[in-house]
Number of protein chains: 2
Amino acid sequence: MSTVASPRRSFWAWCLESEEPTQQQREDLAAKLSERAGTPIVAAPVPKLEDATLRAPRVRVPDALAPWCATDTWERAFHSHGSHFTDRTRAFSLDFPNAPDVVAHPASEAELEATLDWCGSNGYVVVPYGGGSSVVWGVNPPDASAVVTIALDRLDKVLEIDEVSRAARIQAGVLGPHLEDQLRPSGFTLRHFPQSFRFSSLGGWIATRSGGHYATNQTHIDDFVESVRMLTPRGWWESRRLPGSGAGPSPDRMVIGSEGILGIISEAWMRIQRRPEYRATAGVTFTSWAAAADAVREVVQAKLWPANCRVLDPGEAHRAAGLDGTQALLILGFESDGLSQRHNIAEAVAIARACGGTVDDDEIRVNDGSAAPTGREGAVGAWRDAFIGVGLGVDTSLGLVADTFETAITWDRWPEFDAVVRERVSTVLRQVFGHEPMLSCRFTHAYTDGPAPYYTWSGVGRQGSEISMWEDVKHAASEAVLDAGGTITHHHAVGRMHRPQYDRQRPDLFADALRAAKASVDPSGIMNPGVLIDP
Amino acid sequence: MSTVASPRRSFWAWCLESEEPTQQQREDLAAKLSERAGTPIVAAPVPKLEDATLRAPRVRVPDALAPWCATDTWERAFHSHGSHFTDRTRAFSLDFPNAPDVVAHPASEAELEATLDWCGSNGYVVVPYGGGSSVVWGVNPPDASAVVTIALDRLDKVLEIDEVSRAARIQAGVLGPHLEDQLRPSGFTLRHFPQSFRFSSLGGWIATRSGGHYATNQTHIDDFVESVRMLTPRGWWESRRLPGSGAGPSPDRMVIGSEGILGIISEAWMRIQRRPEYRATAGVTFTSWAAAADAVREVVQAKLWPANCRVLDPGEAHRAAGLDGTQALLILGFESDGLSQRHNIAEAVAIARACGGTVDDDEIRVNDGSAAPTGREGAVGAWRDAFIGVGLGVDTSLGLVADTFETAITWDRWPEFDAVVRERVSTVLRQVFGHEPMLSCRFTHAYTDGPAPYYTWSGVGRQGSEISMWEDVKHAASEAVLDAGGTITHHHAVGRMHRPQYDRQRPDLFADALRAAKASVDPSGIMNPGVLIDP
């Protein structure tokens, strides 16, 4: 196939090749970690992909498909994993046991159809691939006799903008920044900024029920889908473009969250909005984590619908926003394309103060429609910078084991849930790493009936044993979340990683129904097997 | 079975037996209609159900089930239809061709299980019945060899209230008023007021994707479901109670809108809210229907999220709110349990005025937390009274043919859609009734990407031919809606009435998937066959 024009991604770090951490950066970090761990940590050289040994492709690409199908090592290695800690660790070790045999890059629906037809006729397993930001092994090929990864990166156009209805028809393979670039000239934005924004795609967001920018109200990608067009092994599935419909169970809601097991999303009509010009923000500190959570609950139950209503526990507020480690931080933010948010921020701050929060009046920043409101000052700004700069990968294979897990739980169970999860995860962290654990929490989203807590943990472990140490902690964390009543994932998806707990969580009869639905559109069971259900 | 304690419903009118229209009321209306039609219209006597001849029950109820199973004429006749014009017309004629053989009223989940097991073992068709408010033939038994209607009216309790999370566990059979009665002592409300509120049930709302009280933002019953418990022929399907989850396609979203084809909803955890104490309302008039629609669009796209943002076209504003027939009326309303809505109504009114709307400052009513804000004054109040008093049934079988149809369409297509639908429906109304048609429209809900228009029509036709005249108009209206790009139903459901258009609207592969999902939980195809899909 012809070369892709855009700059090449790193095959092991969360960046472009040109931005990869250097050997010097890795050695500097290794020195720091050695000190922290009390044992020598050595920075192995940054790997070269030409040193990898991949199984030879087991299928031959027909000539008709050759123009958009790749079988070279880089393509196959890069597309054999997502962006999780374990993915980066394995890639850094040049460990690609189940690399896809072929990576297809269709540039049109005709090419997409031809590719899927070819796979269907031959029984090849198909793994749809958007931006590769999965942290749940959603794009990692299973151990099958032949696997074709279908990458959507060439289906990356905004095809149509309906300014009156504020909706746009968008191809599924477009990554976040390129999508926004195409909407910006018309003054619009999808305003869906998951942490994976840089390297995740519209189709991936839809397939995994991505959690977006807003902390409250309409924020999930689910809310922004007006209609979806998806190619299944049995043909096209396309819903009517409608602002709302009560005609039977929503066809789109069966596609949203289907994680590639039904078909490949090729495009969608998405609800867009005018770019915000009015903003109001405040960072409120609390001496008590419980009081901060109460403030979130009261703000969201008051239905003020802040765009941002995230709360960081004292550990997280210290690390991400420079607070002193005893205070929780609540970040409140409102925005609008046409209306001052002065009134809303005042109402929210009043609620937060009544819950025991502290914020100086001159720390409430209101921007009434002037250009370029950066909002990067103070604690709020520090938190944003940390959010965007996440996960570059310099620490890969240096003995540092780190991950996050996220869930949702109703408010009545939240304090007990948090206590149980922290206790069980801290215990396993101590056992695995032998030192006091780093475990912190923030809320990424809040609902009238409960928060979506997001936990971050890390430990310095034995070099070379990072993955098995991670496994111990991950298992304990996932089981704790399930046992305490949460969901195994609020917005990271199920993939192959969360299957054991997902299998406990979803109604058994729903799994049967989903399995039957899948069989009806994918009778050979070639679509992303092992994700969500076993075919 | 033992008698039901609550007052008995009319078997033909939308009221209790004790409230039925009298023969005198019917004769008075007949005189008026005679004058309007220019032909004699005779008010037949109000029917007595003992004069009806029903097919004898074709199944024998086992002794174990007898305590909650009825086979008497009233039970079977009453449960053989919903509340549509055609249902009332047929009931008034004592026409009950497919009356269920048995009507079960289980008072516990054990009784529900025993009933469904019995039906499953014998292959009896099961029709779930909530409040009987269906206007799409959703509860009318099909022509089958044996039909058991399972009425949920005895499962009518609020079982648990979680005040912290603002959620309640509620049995599915409870009707609107009784549900609110049970929440009121705690200061809560579900605040879901479909027009059918008085005689519709929680389970029915969930099964049919009921459209609620609010005109914008979270208003559909879909948004208030936290988890659902449903009995299928293969057993229980129950989702985990969660404020949000991204674990696969939502199991609840497959139940919501399933219209009884998968199973019987027995209870649900629902998001509730504090009763509103702060309100602000305004009625804005427009000399142009198009300008009024623009105002709705701009208010909703500004994300002010009014509780009420309904607009009535000049015909509807004249009839329902006493305006002069040249002006459209936009009803704006905000409400909150704890925050003044003075600011929001001012913003919304400013937008409406900029779109050409007129409202005097002293017609903007703000109620800041005092008790009993009735808001029944003026045009807004007149509209509310008309909304609540709808459909008593005095006009049944008097030659008056009347119905509504409702849909949703994106804003870019709305003006053309409205023009096409009015043209096509007016044409058929003229053909069928031979006089200038009554056809009007309002928006019941509004989204950032489009409105949900709700059309009302009527004509005075030939007595005895009401149903066939209705059929001609209904067919034309449904086809016009589909052809012009709308949905066949925004919140009335599909039932058996909308099948021809639903079959055109939904993706074929989705229908296959839904059929497969149904077969997995209802292998004998006994659950409400003919609704949504053919098994």
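The expected span of a helix is 1.5 Å times one less than its number of residues. The exercises below use this rule and others on a predicted model.

**Exercise 1. Length of a helix**

Task: Find what span helix H14 (residues 466–483) of chain B should have, and compare it with the distance between its end C-alpha atoms.

Solution: 

**Exercise 2. The buried side of H14(B)**

Task: Which residues of H14(B) are buried, and where do they lie around the axis?

Solution: 
- Step 1. A residue counts as buried if 20 or more other C-beta atoms lie within 10 Å of its own C-beta atom.
- Step 2. In H14(B) the buried residues are B:Glu466, B:Trp470, B:Val473, B:Lys474, B:Ala477, B:Ser478, B:Ala480 and B:Val481.
- Step 3. These residues cover an arc of only 160° around the axis, so they are on the same side of H14(B).
- Step 4. An α-helix has 3.6 residues a turn, so residues three or four places apart point the same way.
- Step 5. The cover over the buried residues of H14(B) includes helix H3 (85–92), strand E16 (400–406), helix H13 (414–433), strand E18 (450–460) and helix H15 (499–505) of chain B.

**Exercise 3. Two packed helices**

Task: Describe how helix H9 (residues 289–301) and helix H11 (residues 342–354) of chain B pack.

Solution: 
- Step 1. Two packed helices are described by the angle between their axes and the distance between the axes.
- Step 2. For H9(B) and H11(B) the angle is about 145°, and the axes are 9 Å apart.
- Step 3. The crossing of H9(B) and H11(B) is right-handed.
- Step 4. From H9(B), B:Ala295, B:Glu298 and B:Val299 meet B:Ala348, B:Ile351 and B:Ala352 of H11(B).
- Step 5. By class, the residues of this contact are 5 nonpolar, no polar and 1 charged.

**Exercise 4. The contact between chains**

Task: How many residues does each chain give to the contact between chain B and chain A, and which element gives the largest share on the side of chain B?

Solution: 
- Step 1. Chain B gives 75 residues and chain A gives 75 residues.
- Step 2. On the side of chain B, H16(B) supplies the largest share, 10 residues.
- Step 3. The side of chain B that touches chain A has 31 nonpolar, 28 polar and 16 charged residues.

Methods
Residues numbered from 1 in each chain as written. Chains lettered and ligands numbered in written order. Predicted model: local features only at pLDDT ≥ 70, side-chain atom pairs only at ≥ 80, totals over all residues. Helix = DSSP H or I, 4+ residues; strand = E, 2+ residues; numbered from the N terminus. Buried ≥ 20, exposed ≤ 12 C-beta atoms within 10 Å, placed from the backbone. Arc of directions from axis to C-beta. Contact = placed C-beta atoms within 7 Å. Axes fitted to C-alpha atoms, helices over the stretch in contact; angles between N-to-C directions. Left-handed = near helix turned anticlockwise from the far one by under 90°. Nonpolar A, V, L, I, M, F, W, Y, C, P; charged D, E, K, R; others polar.
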